[in-house]
Amino acid sequence: MAALALVINGLDQIETILPIAQDLARRHVAYGVEPAHYELVGAALLWTLEQGLGEGFTPELCAAWTAAYTALAGVMIAAAYPAQ
């Protein structure tokens, strides 16, 4: 949760959070995280936001969260699995 908060609060200064996210992704490899897990986490995040925000989780907000998570996951996967 702390890492997610860091990312959310740093979205307006993405260049400052990318190295942190990349380091985090490399550490996740040691925990057994695989590239396919990022999609599962993204789906769980969107579901959680939908449940928590209810009607406030508009299609536009969903699209924004999906885009942000997809971009961040892509950066993290590339850092953790550079051969892929």
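## About the model

The structure is a predicted model, in which local features need pLDDT of at least 70 and side-chain atom pairs count only at pLDDT 80 or more, while totals for chains, interfaces and linings use all residues. Residues are numbered from 1 along each chain as its sequence is written, and side-chain values use heavy atoms, with hydrogens and water left out.

## The largest pocket

On a 1 Å grid over the protein atoms alone, a pocket is an open set of points where a 1.4 Å probe fits, with protein on both sides within 12 Å along at least five of seven lines, and its lining residues have an atom within 4 Å of a point. The largest pocket has a volume of about 570 Å³, where a volume is the space filled by probe spheres set on the grid points, joined across faces, edges and corners.

Its lining is made up of 25 residues, and Leu4, Val41, Tyr69, Leu72 and Met76 lie nearest the centre. By class, the lining holds 22 nonpolar, 2 polar and 1 charged residues; here Ala, Val, Leu, Ile, Met, Phe, Trp, Tyr, Cys and Pro count as nonpolar, Asp, Glu, Lys and Arg as charged, and the others, Gly among them, as polar.

## Helix α4

From its first C-alpha to its last, α4, with 22 residues, reaches 31 Å, close to the 32 Å expected at 1.5 Å a residue (1.5 Å times one less than the number of residues). Tyr69, Leu72, Ala73, Met76, Ala79 and Ala80 are buried in α4, where buried means under 20% relative accessible area, exposed over 50%, and partly exposed in between, with a 1.4 Å probe and protein chains only. Seen down the axis of α4, these buried residues fall within an arc of 115°, so they line one face of the helix; the arc is that of the directions from the helix axis to the C-beta atoms.

The face turned away from the buried side of α4 carries exposed Pro59, Glu60 and Thr70, whereas the buried residues pack against α1, α2 and α3 (contact means heavy atoms within 4.5 Å).

## Helix α3

In α3, the buried residues are Tyr38, Gly42, Leu45 and Leu49. They fall within an arc of 65° down the axis of α3, so they line one face of the helix, and they pack against α1, α2 and α4. On the other side of α3, Ala36, Glu39, Leu40 and Trp47 are exposed.

Terms used
Helix = DSSP H or I, 4+ residues; strand = E, 2+ residues; numbered from the N terminus.
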